[in-house]
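Hi there,

Here is the structure I promised to pass on. Have a look at it first, and then read on for what turned up.

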Amino acid sequence: MINSIAGRARRITPLNETEMKIIRSATKLFLENGFSKTTFSMISEDSQVTRGNIAYYFHTKEDILFLLIQELMDYHEDVIEEIEGKTQNVVFACAMEIATQISICESNPVAWDLYYSAYSHLGCFEYIKDWTAKKNYRFLRSLLPDLSEEDFRAKENVASHIEFSALTSPCNKNFTLDDKISLILDSHMKLYDVAKDIRVETIKKVLESDYKNLGTEIFNKFLEKFHHSIEEKP
């Protein structure tokens, strides 16, 4: 995974060892402490690279976050493919991907900080919108043949803000996690003109599933995959 993240940063020439050290340390700290709590000083100490050199290669923390978010989005796509393969229900698979993300952000402060920071940073947010539009077009176009790829992109301009709103509205006794997931999923599916009977059945199946534990399991697998790759050589 580290090599994959680093590969995203390559332009014309391969990354040098200093850049690799920075990426390894920064992404590790983001996933351990949260993006917001990670400072350039912490990255410098962990990587043994001076703050001046870090700033030379990466002007902001968001530059490195952008690389990690691309990797995380690819992992999301793997999750959808796995659930679809098991259930043969693409709408349910896409709904479960959203539900598990909302769930883990509600229960895990580091996960919440990572997603919230990504949605708050313009470059990352634009990437997420573009990735999601392509993902939805790939998985749902056979069910929504009247929608073009551009239609999917237009709808995602609204849908991504709905997901962002989920990150800014924590649950409480009057607004439970089930309430939030039901509302977010119904809003998404309405936006994509999914029939009411499918919406109702999909939400029912999601809420009856073990989505909370699945969300934790999915995020932990991402962390395990990352930590396993931390010693990879480019």
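Which residues touch the most other members of the largest nonpolar core? Before the answer, please keep in mind that this is a predicted model. The core holds 71 residues, and those that touch the most other members are Ile69, Met73, Leu114, Leu140, Ile181, Leu185 and Val206. Helix α6, residues 90-107, gives the most to this core, with twelve residues.

Leaving aside residues up to four places away in sequence, Leu114 touches Leu31, Leu65, Leu68, Ile69, Leu72 and Phe219. Of these contacts, Ile69 is itself on the list of residues that touch the most other core members.

Next, a histidine. His188 sits in helix α10, which spans residues 177-191. Is His188 buried or exposed? His188 has a relative accessible area of 7%, and because buried means under 20%, His188 counts as buried. Its contacts, again not counting residues up to four places away in sequence, are Ile98, Ala159, Ile162 and Glu163.

Finally, helix α3 (residues 40-47) has Phe40, Ile43, Ser44 and Ser47 buried. These four cover an arc of only 100 degrees around the axis, so they lie on the same side of α3. An α-helix has 3.6 residues a turn, so residues three or four places apart point the same way. The buried residues of α3 pack against α2 (17-33), α4 (51-57) and α5 (61-87). After α3 comes Gln48, which has a positive phi, near 60 degrees.

Definitions and conventions
Residues numbered from 1 in each chain as written. Predicted model: local features only at pLDDT ≥ 70, side-chain atom pairs only at ≥ 80, totals over all residues. Heavy atoms only, no water. Core = buried A, V, L, I, M, F, W, Y, C linked by side-chain atoms within 4.5 Å. Buried < 20%, exposed > 50% of the residue type's maximum accessible area, 1.4 Å probe, protein only. Helix = DSSP H or I, 4+ residues; strand = E, 2+ residues; numbered from the N terminus. Contact = heavy atoms within 4.5 Å. Arc of directions from axis to C-beta.
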